[in-house]
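Please open the model in your viewer and keep the sequence panel beside it. The tour below goes from one selection to the next and says what is there at each stop.

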Amino acid sequence: MSGAVLTEIEAYGKQNEAFLRTFLELPNGIPSHDTCNRVFKFLDKRAFGDCLYRWSREILADLAVNLPQLCLGGKVQRATAKRGKKKSGLCVVSAWVSEHNLVLGQERVDAKSTGRAHP
């Protein structure tokens, strides 16, 4: 994980501390981005991936029954353009279900495309 993502995790924790305290004990407050870095550094990546996979399977099973709204969006990633070519940045289309906070997938698309992702 990049340092920017870890600082965002820390900022999220600080903004939502009251909510997080409803199910987490935080005797020392919200962990800093450095603490998050240490945790992710030593985390068993395979076990963490397996856990995320099982969790997402449960959500997908619910999606098949409840048919929530699917959100699509495209963005040009910051600081990815070639020098002197403003429209050369990395373009990504994402699909997600906001009520479950679940990104279903992301696909890189050509900058000059209409943003339609092809299977």
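Predicted model: local features only at pLDDT ≥ 70, side-chain atom pairs only at ≥ 80, totals over all residues.

Which side chain does Ser94 join through a polar contact of 3.1 Å?

Residues are numbered from 1 along each chain as its sequence is written, and side-chain values use heavy atoms, with hydrogens and water left out.

**The whole chain**

Begin with the protein chain in cartoon view, where you will find four helices and three strands; helices (H or I, at least four residues) and strands (E, at least two) are DSSP runs, numbered from the N terminus. Read along the sequence, these elements follow the pattern α-α-α-α-β-β-β. Of the 119 residues in the protein chain, 17% are buried, where buried means under 20% relative accessible area, exposed over 50%, and partly exposed in between (1.4 Å probe, protein chains only). Among contacts in the protein chain between residues at least 6 apart in sequence, 36% join residues at least 24 apart, a contact being heavy atoms within 4.5 Å.

**Helix α4**

Now select residues 45-66, which form helix α4. The 22 residues of α4 should span 32 Å at 1.5 Å a residue, and the end C-alpha atoms are 31 Å apart, which agrees; the expected span is 1.5 Å times one less than the number of residues. Within α4, colour Ser56, Ile59 and Leu63, which are buried. They cover an arc of only 60° around the axis, which puts them on the same side of α4; the arc is that of the directions from the helix axis to the C-beta atoms. An α-helix has 3.6 residues a turn, so residues three or four places apart point the same way. Turn to the other side of α4, and Arg46, Tyr53, Arg57, Glu58, Ala64 and Val65 are exposed there.

Both ends of the helix deserve a look. At the start of α4, a side-chain oxygen of Asp44 reaches to within 3.1 Å of the backbone nitrogen of Arg46, and just after α4, Leu67 takes a positive phi of about 45°.

Next, zoom in on Ser56, which lies in helix α4 and is buried, with a relative accessible area of 16%. Its side chain reaches the backbone oxygen of Tyr53 at 2.9 Å.

**Strands β2 and β3**

β2 and β3 form a hairpin with four residues between them, and Asn101 in the turn has a positive phi of about 55°.

Pick Leu102, a residue of strand β3, which is buried with a relative accessible area of 8% and stands opposite Val97. Not counting residues up to four places away in sequence, Leu102 touches Trp55, Ser56, Ile59, Leu60, Leu63, Ala95, Trp96 and Val97. Leu102 and Leu60 are 42 residues apart in sequence, yet 9.3 Å apart in space, C-alpha to C-alpha.

Move on to Ser94, which lies in strand β2 and is buried, with a relative accessible area of 13%. Here is the answer to the opening question: a polar contact of 3.1 Å joins the side chains of Ser94 and Gln106. A polar contact is a pair of N or O atoms within 3.5 Å; within protein, one must be able to donate a hydrogen and the other to accept it, and residues adjacent in sequence count only if both atoms are side-chain atoms. Gln106 is also one of the residues that Ser94 touches, not counting residues up to four places away in sequence, together with Cys71, Leu72, Gly73 and Gly105.

**The loop and the cysteines**

Follow the chain into the loop between β2 and β3, where Glu99 is found; at 57% relative accessibility, Glu99 counts as exposed. Not counting residues up to four places away in sequence, Glu99 touches Pro68 and Gln69.

Finally, select Cys51, which is partly exposed with a relative accessible area of 42%, and then Cys91, which counts as buried at 12% relative accessibility. A search of the whole structure finds zero disulfides, a disulfide being a pair of cysteine sulfur atoms within 2.5 Å.

Technical notes. Pairing = 2+ DSSP bridges.
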